[in-house]
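Here's a quick tour for anyone opening this structure for the first time. Have the sequence and the 3D view handy, and take the stops in order.

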Amino acid sequence: MRGYVDFVDVSSIGVPPSLTVVLGPAQARDSGAQWAFDGGVFRNSGDVVVSMQGTHTLTYKPLDGWTAPSSELITLTNNQATTVVRSYVQNASLRVILEPAGARDSGARWTIDGGISYESEFVVDDLSPGAHSLRYSFIYGWNEPGDEVLSVTEGESIILTRFYSIINGSVQV
């Protein structure tokens, strides 16, 4: 029996690419930081995926108290092991105290980034680092504190005290 044999050069096929994602910091990993490949299951830091070459999507699990890395596209190539390192950022908290008591009794409130209004002493958790705008409510008979932009850093715990002032006037008869 005679036959024909053809050999294929396997080096032209290549080894499928792999991807390792390392997440930090350790506190975020301890809180459940994970990543997903092409919309699949969430995986732990350091897990390896072997896939086909091409462009793929990485997403990151949202965590209370943390800002996750942004979703991204990554290109994998045969014969390459790729490692990406991404960090979660710990969010901050903000507490605003409004003074004096008369202003609070008259309805003094504050807002952050144009959201809902809060009473004095309310604490906003999960505040992402960066610039945030603060506004204070108008109250008849009082001058409210001026609008401001607050620069927040990672993990910061901020307590602000802001003062309303009574409007003094005169009455003519």
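Two strands count as paired when DSSP finds at least two bridges between them. Keep in mind that you're looking at a predicted model.

- Three strands make up an open sheet, running in the order β13-β10-β17, with mixed pairing.
- At the edges sit β13 (123-127) and β17 (157-163), each of which pairs on one side only.
- From one strand to the next, the twist averages 20 degrees.
- β10 (residues 92-99) pairs with β17 in the parallel sense, over seven bridges.
- To pick out a bridge, go to isoleucine 97, whose partner in β17 is threonine 161.

**The ring cluster**
- There are two aromatic pairs by the ring-pair rule.
- Tryptophan 110 and tyrosine 118 form a tilted pair, 5.1 Å centre to centre with 45 degrees between the planes.
- Tyrosine 118 and phenylalanine 122 have ring centres 4.5 Å apart and planes at 10 degrees, so this pair is stacked.
- Put together, ring pairs link Trp110, Tyr118 and Phe122 into a cluster.
- Tryptophan 110 and tyrosine 118 are both buried, whereas phenylalanine 122 counts as partly exposed because its relative accessibility is 39%.

**Glutamate 72**
- You'll find glutamate 72 in strand β7 (residues 72-76).
- Its side chain makes a polar contact with the side chain of tyrosine 60, at 2.6 Å.
- Leaving aside residues up to four places away in sequence, glutamate 72 touches His56, Thr57, Leu58, Tyr60 and Arg86.

Notes
Residues are numbered from 1 along each chain as its sequence is written. This is a predicted model: local features need pLDDT of at least 70, side-chain atom pairs count only at pLDDT 80 or more; totals for chains, interfaces and linings use all residues. Side-chain values use heavy atoms; hydrogens and water are left out. Helices (H or I, at least four residues) and strands (E, at least two) are DSSP runs, numbered from the N terminus. A polar contact is a pair of N or O atoms within 3.5 Å; within protein, one must be able to donate a hydrogen and the other to accept it, and residues adjacent in sequence count only if both atoms are side-chain atoms. Contact means heavy atoms within 4.5 Å. Axes are lines fitted to C-alpha atoms, for helices over the stretch in contact, and angles run from 0 to 180 degrees between N-to-C directions. Rings of Phe, Tyr and Trp (its six-membered ring) pair if their centres lie within 6.5 Å; planes under 30 degrees apart count as stacked, over 60 as edge-to-face and the rest as tilted. Buried means under 20% relative accessible area, exposed over 50%, partly exposed in between (1.4 Å probe, protein chains only).
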